[in-house]
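User: I'd like to learn how to read a protein model, one feature at a time. Could you walk me through this one?

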Amino acid sequence: MKLEAKEDFPPATENDARSGNSVAAIRKSILDHIHFSQARLPVMATCNDWYVALAYTVRDRMFGHWMNVVQAIADPQRKIVGYLSAEFLMGPHLGNALINLGIHDNTRAAVAQLGLNLDDLLAQEEEPGLGNGGLGRLAACYMDSLATLGVPALGYGIRYEFGIFSQEIRDGRQVEKTDKWLRLGNPWEIHRPELSCTVNFGGRTEWFHDERGRLRIRWIPNRVIKGVPYDTPIPAFRKDFIGILRLWKSEAVESFDFQAFNVGDYYKAVDEKVVSETVSKVLYPNDEPEIGKTLRLAQQYFFVSCALQDMIRVHLIRGKALDTFHESFAVQLNDTHPAIAVAELMRLLVDEHDMDWCEAWTITRNVFSYTNHTLLSEALEKWPLPFFGHLLPRHLEIIYEINHRFLEEVRRHAPGDDGLASRLSIIDEGGQKSIRMAHLASVAGHRINGVAELHTKLLSRTVLRDFHAIYPDRFVNVTNGVTPRRWMVLSNPKLAGLLESAIGDRWICRFEEEIEKIAPLADDPAFRNHWREVKRGNKADLAGLIHERTGNTVDPDTLFDVQVKRIHEYKRQHLNVLHIVTLYNRIRRNPNLDITPRTFIFGGKAAPGYAMAKLIIKLINDVGAVVNRDPDVAGRLKVVFFPNFNVKNGQMIYPAAELSEQISTAGKEASGTGNMKFSMNGALTIGTLDGANVEIREAVGPENFFLFGLTVDQVNDLWGRGYNPRRYYEENAQLREAVDLLYSGHFSPDHQARFVPLLDTLLNHDPYMLLADYQAYIDCQDQIAAAYRDQEHWTRISILNVARMGRFSSDRSIREYCKDIWRIRQGV
Ligand SMILES: *Cc1c(COP(=O)(O)O)cnc(C)c1O
């Protein structure tokens, strides 16, 4: 099939008010939208009106590119990536689109001619917080790289009405506020009601004979809802191409409640509408055990079913038969949240499209691949059988059949090894029977990937060991990456400008090959000066924002020591706090102590149901309150908790950091991507050998990375020998002093025992081995404090860190997915 739309459309000119990129055209376009799209008088337009008019103006300039993608999607020769993810943490669109479309400067000028400031309009955008953290942000970076590499891609997810809660800090504690990001509308999305799908739930299945007399199975659901897609274009960097983010909203099916309506039960009909809309209502925060489970499984099935129906529709439009579906689509499962897709594709092919089981299975196996994101056993998804069967009765049967055939293959492979079969089974038969979603994804996926070398290795030795034993070739590693467009060009314009003056701008798209060219400049004193000025400027900007958001005054001439990420015990924010308390004790003992002045900056959300994480937030704030007030400490230590860490705030924080805290217990962080953003922006890392830290350290050079702590093997060893955290407390005076001060209520005079649950956990169990790593951490921090005093040397290392981060662009990750997993050729 060939689309002619592009030829019919008049080619853009610089001054065309609908698509031109000149200052005059952009200005005209903004005014047109104020008038024609919003029916506002310019004199009465609010800041939000101008922002919306500008957003439409920018969006208009993507539609030409969109047509290229529509053509690529319609071209049966080109394989499309379907990226299935329950989360996409895109961050604000406007600034990124201006950069990628190459119209930032002209837009700033056009806006200025209208008497406005572009920064005010950028600030107006509500960020779509449709993700919890790293996993959702990874999906967003991958959408950027897919577009920039010219790979036709559809990102499929859920258009949550409420994204991740926004965090306020009151009295040092997290308070959650609903994220009403759609309140003032969303100018970036295009509503596509004509592409709606229906999705079934519940009910039962039954046998029947079809018109050809064959025995078939029919699903008779007891609920039907509709999925309506909203498309958001994701622009490539300076290329005539975009990716499409297609998010689904749940709605009531018009006809379903008709009967209720007819017999006069109007309220029941309305009720139905409310219930249907609930499915895409809210994003669930991580670490929220048990509660809201039905709705979560319903969400997963809902968006996955819509996505697969949509892909099948696209494939059929290409004029191809379903038996070549795998030639049209490579579908990536971003963790197990979309793993139900395996059973759903089988159902669509076998039940709805009348395909033979074996053929359908071959296609399914070719289509899917699975990215694992966690080794934490509590985070591995499992659904109790009766509950699953109640919501998805047909899928339960399909999973039984997949499992039956799979286990037969296993038994042929290892006759008599029933232990192996039960360990591999998709059904966990122990205790409460449940479906292991990681097993479902691993049975079906032709590739299983971890997200950092260490993680992939541990994956194949621990949670998926038995799969690795029988299918070693399915396992590949694709180390995560982040996009230099958002995380350098957009968020750190001062650094980008300096880099451009030194090596041009090819690094933005060819990061791996180009960025290393700045390495020799580490030896150039003038360049080092410029480098420090950039960092100093970013620190001053962040200091201003910190003052605005928290009332704290921080000194941009102190070492900015930053830990921003979700709050979790395994990430060990409280180890960082133990360091602060240790320094505080040293100063109390010797008020004239000569120490390197530091500003400790924390940020991150705790899952609303995770009491210990919330207590850690309170701990940071309570310690900060005392330390910041103490006259003996003044000018030497400052502790701030930056509220509501999200992409928008991250864009201000990463560029201002000098020290990046990546201090998780070895073996717990799958990859991390924050570690990459920091390092690309010139922060040095203090870190354990965990996740991608290992590869970052190798890349930047061990001498340019502050390593501390137990390795994975040492952690396992210590558990094996019997870990007794209290011994570390008893034998280490400095540690004891810090812990005792916390126990004493010094930081919580209004409630002396406040931190007892946290401290008791450390002394009695310490599941994340803070006490075992404490001394190594303190020693490493002392080295850092000394190193920071030699600013020339520090700057040198900072430059080398950036120069050697080439591998960590998400462009490299996506190239690897294309080659090793999707078997896709790159486009433009
Ligand atoms: C990058 C990022 C994360 C992930 O940070 P890690 O340090 O890898 O845990 C989480 N949230 C936001 C907003 C991010 O930008």
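Analyst: Here is a short tour, going from the domains to sheets and then to helix pairs. This is a predicted model, where local features need pLDDT of at least 70 and side-chain atom pairs count only at pLDDT 80 or more, while totals for chains, interfaces and linings use all residues. Residues are numbered from 1 along each chain as its sequence is written, and side-chain values use heavy atoms, with hydrogens and water left out.

User: Which domains is the protein divided into?

Analyst: Domain bounds come from an automatic or database domain assignment. Here, domain 1 covers 23–164 + 179–479 + 815–821, and domain 2 covers 484–712 + 769–806. Their C-alpha centres lie 33 Å apart. Contact means heavy atoms within 4.5 Å, and the contact between these domains takes 37 residues from domain 1 and 34 residues from domain 2.

User: How do I read strand pairing, say for β7 and β8?

Analyst: Helices (H or I, at least four residues) and strands (E, at least two) are DSSP runs, numbered from the N terminus. Two strands pair if DSSP finds at least two bridges between them. In this model, β7 (residues 204–209) and β8 (residues 215–220) are joined by six bridges in the antiparallel sense. Phe208 of the pair sits opposite Arg216 in β8. Together β7 and β8 make a hairpin with five residues between them, and Gly213 in the turn has a positive phi of about 80°.

User: What is the order of the strands in the open sheet of three?

Analyst: The order is β13-β15-β14, with antiparallel pairing. β13 (382–384) and β14 (427–428) each have a single partner strand, so one side of each has no neighbour in the sheet. β14 is tied to β15 (residues 434–436) by two bridges, and Asp428 stands opposite Ser434 in β15. Helix α18 (residues 437–444) packs on this sheet, touching β13 and β15, and its direction makes about 45° with that of β15. For such angles, axes are lines fitted to C-alpha atoms, for helices over the stretch in contact, and angles run from 0 to 180 degrees between N-to-C directions.

User: And which strands are at the edges of the six-stranded sheet?

Analyst: That open sheet runs β20-β19-β18-β21-β22-β23, with parallel pairing. Its edge strands are β20 (637–642) and β23 (706–707), each pairing on one side only. At the β23 end, two bridges join β22 (residues 684–687) to β23 in parallel, and Gly687 has Leu707 as its bridge partner. Helix α26 (residues 611–629) lies across β19 (598–603) and β20, at about 145° to β20.

User: At what angle do the axes of α13 and α14 cross?

Analyst: Angles under 35 degrees count as roughly parallel, over 145 as roughly antiparallel, 65 to 115 as roughly perpendicular and the rest as oblique. The axes of α13 (residues 341–352) and α14 (residues 357–367) come within 9 Å and cross at roughly 140°, so the two helices are oblique to each other. The contact includes Leu345 and Met346 of α13, and Trp357 and Trp361 of α14. Ala, Val, Leu, Ile, Met, Phe, Trp, Tyr, Cys and Pro count as nonpolar, Asp, Glu, Lys and Arg as charged, and the others, Gly among them, as polar.

User: How many polar residues are in the contact of α25 with α34?

Analyst: The axes of α25 (residues 573–589) and α34 (residues 770–789) come within 10 Å and cross at roughly 55°, which makes α25 oblique to α34. Among the contact residues are His574 and Arg586 of α25, and Tyr774 and Asp782 of α34. There are five polar residues in this contact, along with seven nonpolar and two charged.
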